[in-house]
Amino acid sequence: MIGSDLLPHLVEVEHPGKATDRYGNTVDDWSASNRTPVRAWLQQSTGAEDTDQRSAQIGEWLLICNPVDTAGGPLTVHGEDRVHWSGIRYEVIGPAGPAYTPIELHHYEIRLRVVEG
């Protein structure tokens with residue numbers, strides 16, 4: 001695992017709750033979500049501006065964190081999750097990328113996207 005001195009950011013990973021829609025399908029319910037605090041390193045990897053009929057700032061970020069939350073419990077991150085940091089909500093892009101040592105899971109590398117505007 002990565003030492004906590006190298007993970008200066010405290011983020012929250014948000015998992016959606018589940019609900020049943022009027023057709024009987026299971027859907028994400030963000031009003032019943034739960035958040036897990038995690039120590040992490042974040043850095044922006046790309047930035048773009050969408051000016052086609054709107055003014056939007058789009059950023060992609062890399063989040064690196066240990067496979068445990070701040071309480072030491074196992075961390076799970078899915079492509080449907082969100083990450084909150086510094087008042088900004090990020091969307092997780094795809095599954096978390098596990099990084100292994102020869103004997104164990106060392107950390108996760110998670111791609112994030114934020115769109116403003």
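**View 1. The largest nonpolar core of this predicted model has 18 residues.** Leu63, Cys65, Val83, Ile110 and Leu112 are the residues with the most contacts inside this core. Two or more residues come from each of strand S1 (9-20), strand S2 (26-50), S3, S5 and strand S7 (105-116). With four residues, S7 gives the most to this core. As general background, nonpolar side chains in soluble globular proteins tend to be buried together.

**View 2. Here we visit Leu63 and its contacts.**

**View 3. Trp61 and Trp85 form one of two aromatic pairs in the model.** Their ring centres are 6.0 Å apart with 70° between the planes, an edge-to-face pair. This pair links distant parts of the chain: Trp61 is in strand S3 (residues 56-65) and Trp85 is in strand S4 (residues 82-85), 24 residues apart. Trp61 is buried, with a relative accessible area of 16%.

**View 4. Trp61 also pairs with Tyr90.** The centres of these two rings lie 5.6 Å apart and the planes are at 70°, so this pair is edge-to-face as well. Because Trp61 lies in strand S3 and Tyr90 in strand S5 (residues 88-92), the pair ties together parts that are 29 residues apart in sequence. Both Trp61 and Tyr90 are buried. Through ring pairs, Trp61, Trp85 and Tyr90 are linked into a cluster.

**View 5. Arg82 lies over the face of Trp30.** The distance from the ring centre is 3.7 Å.

Technical notes. Residues numbered from 1 in each chain as written. Predicted model: local features only at pLDDT ≥ 70, side-chain atom pairs only at ≥ 80, totals over all residues. Heavy atoms only, no water. Phe/Tyr/Trp six-rings, centres within 6.5 Å; stacked < 30°, edge-to-face > 60°. Buried < 20%, exposed > 50% of the residue type's maximum accessible area, 1.4 Å probe, protein only. Lys NZ or Arg CZ within 6 Å of the ring centre and 35° of its normal. Core = buried A, V, L, I, M, F, W, Y, C linked by side-chain atoms within 4.5 Å. Contact = heavy atoms within 4.5 Å. Lists of a residue's contacts leave out its neighbours within four places in sequence.
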